[in-house]
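Hello,

Here is the structure we spoke about, which I am handing over to you now. Please open it beside this message and follow along as you read.

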Amino acid sequence: MGLYSNKFFSSFTSASSWFEVYAAFSTIMMLFRTAINDLIPHQFRSFIASKLEAFFSKYQANSNVSVKINQFWDENVGERNELFDAALAYLPTQISHTYKSLKVGRLQNRKHLELAVDGSEDVVEEFEGIKFTWKLDEGSKEESNNNSRRYNFLLTFDEKHRQRVLDRYLPHVLKTFETMKDQRRIVKLYSRLDDYWNESELSHPATFDSLALCPELKKDIIDDLARFLRRKDLYKKVGKPWKRGYLLYGPPGTGKSSLIAAMANYLKFDVYDLELSSIYSNSDLMRSMKEASNRCIVVIEDIDCNKEVHARSKPNGASDDRDSDSDSEDPKMRSKRFTLSGLLNYMDGLWSSGGEERIIIFTTNHKEKIDPALLRPGRMDMHIHLSFLKGKAFRILASNYLDVKGDHPLFQQIDDLLEKIQVTPAVVGEQLMRYEDPDVCLEKLVQFLKQKGKDSDSE
Ligand SMILES: Nc1ncnc2c1ncn2[C@@H]1O[C@H](COP(=O)(O)OP(=O)(O)OP(=O)(O)O)[C@@H](O)[C@H]1O
């Protein structure tokens with residue numbers, strides 16, 4: 001027992017003295033660290049640390065690999081390498097404040113400032129604990145075209161991460177690039193001129209916020225669009241082309257064109273305004289649609305007024321039933337005419353296999369005049385009725401045009417008048433532009449609506 005207690009005592013003594021030594025050492029280190037932090041500037045410390053790291057890394061086994069990402073995948077056919085473009089856009093968003101070689105500018109017709117790396121300094125970034133070095137290089141003479149220099153990126157990382165780079169990092173760079181493109185995307189409007197699509201910027205400012213629609217209808221439309229975008233895999237699984245058709249109908253001035261612009265601005269989809277009078281045959285229709293980009297809205301306005309769909313579907317003005325031109329006619333002749341069945345075939349996805357994420361919109365002021373074949377289920381997925389202005393939608397106009405949020409003493413009177421008379425958002429919008437003072441403007445609107453009511457009573 002005595003033996004055991006002596007041993008225990010001596011080991012306790014040595015542990016306590018070790019603890020004292022450790023405490024003294026820690027205190028000295030803390031003082032030392034504080035003194036260094038106070039006396040040596042941060043930049044100088046970072047410099048020393050980087051030099052030490054570079055010195056010791058020479059003696060470590062070098063397991064780094066580099067992959068080259070050329071600007072063009074195939075120089076001969078001018079096929080660009082999207083990964084290069086993605087890296088060019090992605091890297092400026094990742095670089096730290098210590099990076100000095102950043103170009104900044106604004107390109108013509110662009111809203112945003114552009115940032116770019118200029119190649120004089122490597123960009124180092126970390127992703128999921130893996131360190132990457134990006135180097136922008138000028139390509140060799142062989143890689144460059146006669147007139148313009150070509151560039152490439154050299155991406156260096158530890159070889160043991162090769163699979164994660166391919167499976168995780170590079171897809172992440174591409175995805176970030178896609179998101180950036182979507183955020184910065186300028187929505188285009190294409191109109192068919194002679195034999196080609198004429199491109200311009202969609203300048204229509206309508207958004208779902210600015211649209212005076214009944215809030216429930218607005219929510220239904222936004223939900224439907226969002227669901228459509230989410231369901232790519234489902235469309236593929238059930239073998240349906242990934243397309244959605246909307247029929248917008250209602251009197252002139254109720255916002256059909258504005259709704260199309262709001263959809264395009266919301267989805268960032270380009271709009272292809274397909275004037276059917278510029279289409280001369282089914283094959284012409286097919287070609288025009290093949291030229292349209294993915295992620296677009298194809299619009300055919302006033303489909304009921306379109307004589308092409310009616311008169312050209314059958315010679316001698318006979319009925320334009322879908323099947324009527326399918327039996328006896330020479331197929332060569334058939335492809336030379338533009339027919340209702342040509343349009344229906346396109347909509348059914350037979351000719352549109354090349355395009356994805358397509359929305360087709362027909363507009364009409366007279367739904368009852370449309371060929372029933374166009375309205376069959378599966379062709380137009382959602383029929384949207386845009387109608388005369390009512391109270392809830394009027395609040396949106398009052399807020400947008402006059403900045404009157406919440407309530408106003410004249411709102412109840414205006415609501416009652418709107419229940420009795422038929423007036424479009426376009427007409428009321430015009431009235432709200434006339435005076436700047438909201439009280440005066442709403443007073444004048446009440447007078448205008450009363451007068452309109454009297455006029456329609458006397459008709
Ligand atoms: N629901 C609405 N919300 C907000 N503004 C609207 C609405 N409807 C119409 N407007 C205003 O009226 C103008 C004309 O509307 P728009 O061209 O969208 O109507 P439309 O139904 O397409 O008419 P049309 O059948 O004659 O082509 C728009 O520029 C917009 O200022």
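**What was found**

The place of Gly255 is in the loop between strand β11 (243-249) and helix α7, and please keep in mind from the start that this is a predicted model. Is Gly255 buried or exposed? Gly255 counts as buried because it has 24 C-beta neighbours inside 10 Å, and a residue needs 20 or more of them to be called buried. If neighbours within four places in sequence are left aside, Gly255 is in contact with Leu211, Leu386 and Pro425. Leu386 is 131 residues away from Gly255 along the chain, and yet the C-alpha atoms of the two are separated by 6.9 Å.

**The protein as a whole**

The secondary structure comes to 16 helices and 15 strands, and of the 459 residues in the protein, 22% are buried.

**The nonpolar cores**

The largest nonpolar core has 53 residues, and those with the most contacts inside it are Ile260, Ala264, Ile297, Val299 and Ile361. Helix α7 (residues 256-267) gives the largest share of this core, namely seven residues. At least three residues of this core come from each of domain 2 (189-308 + 337-385) and domain 3 (391-458). To see one of these residues in its surroundings, look at Val299, which touches Ile260, Val271, Tyr272, Asp273, Leu274 and Ile361 when residues up to four places away in sequence are not counted. There is also a second, separate core of 16 residues, which includes Ile69, Ala87, Leu136 and Val165.

**Two packed helices**

Two packed helices are described by the angle between their axes and the distance between the axes. Helix α13 (residues 391-402) and helix α15 (residues 425-432) pack at an angle of about 35 degrees, and their axes are 10 Å apart; the crossing of α13 and α15 is right-handed. Which residues meet where α13 and α15 are in contact? From α13 come Ala393, Phe394, Leu397, Tyr401 and Leu402, and from α15 come Pro425, Val428, Gly429 and Leu432. Sorted by class, the contact of α13 with α15 has eight nonpolar residues, one polar residue and no charged residues.

**Three further residues**

Lys444 is found in helix α16 (residues 438-458), and it counts as partly exposed because it has 15 C-beta neighbours inside 10 Å. Not counting residues up to four places away in sequence, Lys444 touches Gln431, Arg434 and Tyr435. Lys444 and Gln431 are 13 residues apart along the chain, and their C-alpha atoms are separated by 8.1 Å.

Glu128, in the loop between β6 (123-127) and β7 (130-138), has a positive phi of about 50 degrees although it is not a glycine. Glu128 has 9 C-beta neighbours inside 10 Å and therefore counts as exposed. Asp403 lies in the loop between α13 and α14 (411-420), and its phi is near 65 degrees, which is again a positive value in a residue other than glycine. Asp403 is exposed because it has 8 other C-beta atoms within 10 Å.

With best wishes

Conventions. Residues are numbered from 1 along each chain as its sequence is written. This is a predicted model: local features need pLDDT of at least 70, side-chain atom pairs count only at pLDDT 80 or more; totals for chains, interfaces and linings use all residues. Axes are lines fitted to C-alpha atoms, for helices over the stretch in contact, and angles run from 0 to 180 degrees between N-to-C directions. Helices (H or I, at least four residues) and strands (E, at least two) are DSSP runs, numbered from the N terminus. A crossing is left-handed if the near helix is turned anticlockwise from the far one by less than a right angle, and right-handed if clockwise. Two residues are in contact if their C-beta atoms, placed from the backbone, lie within 7 Å. Ala, Val, Leu, Ile, Met, Phe, Trp, Tyr, Cys and Pro count as nonpolar, Asp, Glu, Lys and Arg as charged, and the others, Gly among them, as polar. A nonpolar core is a set of buried Ala, Val, Leu, Ile, Met, Phe, Trp, Tyr and Cys residues joined through C-beta atoms within 7 Å. A residue is buried if 20 or more other C-beta atoms lie within 10 Å of its own, exposed if 12 or fewer, and partly exposed in between; C-beta atoms are placed from the backbone. Domain bounds come from an automatic or database domain assignment.
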